[in-house]
Amino acid sequence: MAAALDSPNAIWSPRHGHHSGPRGLCVVGMKYRGAAGRRICRLGAVVRLELDPTNPYDPNAIKVLHDGQHAAFVRREDSALLAQAAPFVHLEGRPFRVTTVQGSALYIVADGPPPGAGHAHAPGS
């Protein structure tokens, strides 16, 4: 997945209309977030992401919000990869959609470019 995050199109690709990784971003920890966590455990649920740099357990933590409520976190491995791609990837304010519910994890993909971003292009393309 690291190679998929090397460009600004890594999370949203206007050409393909979805995350360019094989399954999207893994989301975990819903069971610890009560009703908000339960509400996102369905296909098609729309969530937004928020960076959580003051998280005492993970400085790369990314919260998953549903209707403004903290519902889960992006899996630590995925948030670490996104931190490396930070100059290219704009997560906050961008809608994501749940595409896979698998055991205690969900997978989400971008549901469009971030607000006001227009079409992102990779350098040199």
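Two strands count as paired if DSSP finds at least two bridges between them; strands themselves are DSSP runs of E, at least two residues long, numbered from the N terminus. The model is predicted, so local features need pLDDT of at least 70 and side-chain atom pairs count only at pLDDT 80 or more, while totals for chains, interfaces and linings use all residues. Residues are numbered from 1 along each chain as its sequence is written, and side-chain values use heavy atoms, with hydrogens and water left out.

**The barrel.** Select the six strands. They close into a barrel in the order β1-β4-β3-β2-β5-β6, with antiparallel pairing. On average, neighbouring strands of this sheet are turned by 45° against each other, direction ignored; the axes are lines fitted to C-alpha atoms, and angles run from 0 to 180 degrees between N-to-C directions.

**β5 and β6.** Select residues 95–102 (β5) and 105–110 (β6). Six bridges hold this antiparallel pair, and V98 has I108 in β6 as its bridge partner. Two residues lie between the strands in their hairpin, where G103 takes a positive phi near 60°.

V27 stands opposite L106 in β6.

Next select residues 62–66, strand β3, where four of the five residues are buried, meaning under 20% relative accessible area with a 1.4 Å probe, protein chains only. Four bridges join β3 to β2, antiparallel, and L49 has V64 as its partner in β3. Four bridges also join β3 to β4, residues 69–74, again antiparallel; in β4, the partner of V64 is A72. The hairpin of β3 and β4 has two residues between the strands, and D67 there takes a positive phi near 50°.

**The core.** Which residues have the most contacts inside the largest nonpolar core? They are V27, I40, L49, V64, F96 and I108, in a core of 20 residues. Such a core is a set of buried Ala, Val, Leu, Ile, Met, Phe, Trp, Tyr and Cys residues joined through side-chain atoms within 4.5 Å. Each of β1, β2, β3, β4, β5 and β6 supplies at least two of its residues.

**Last stop: V64.** Leave aside its neighbours within four places in sequence, and V64 is in contact (heavy atoms within 4.5 Å) with residues including V27, I40, V47, L49, A72 and F73.

Terms used:
Buried < 20%, exposed > 50% of the residue type's maximum accessible area, 1.4 Å probe, protein only.
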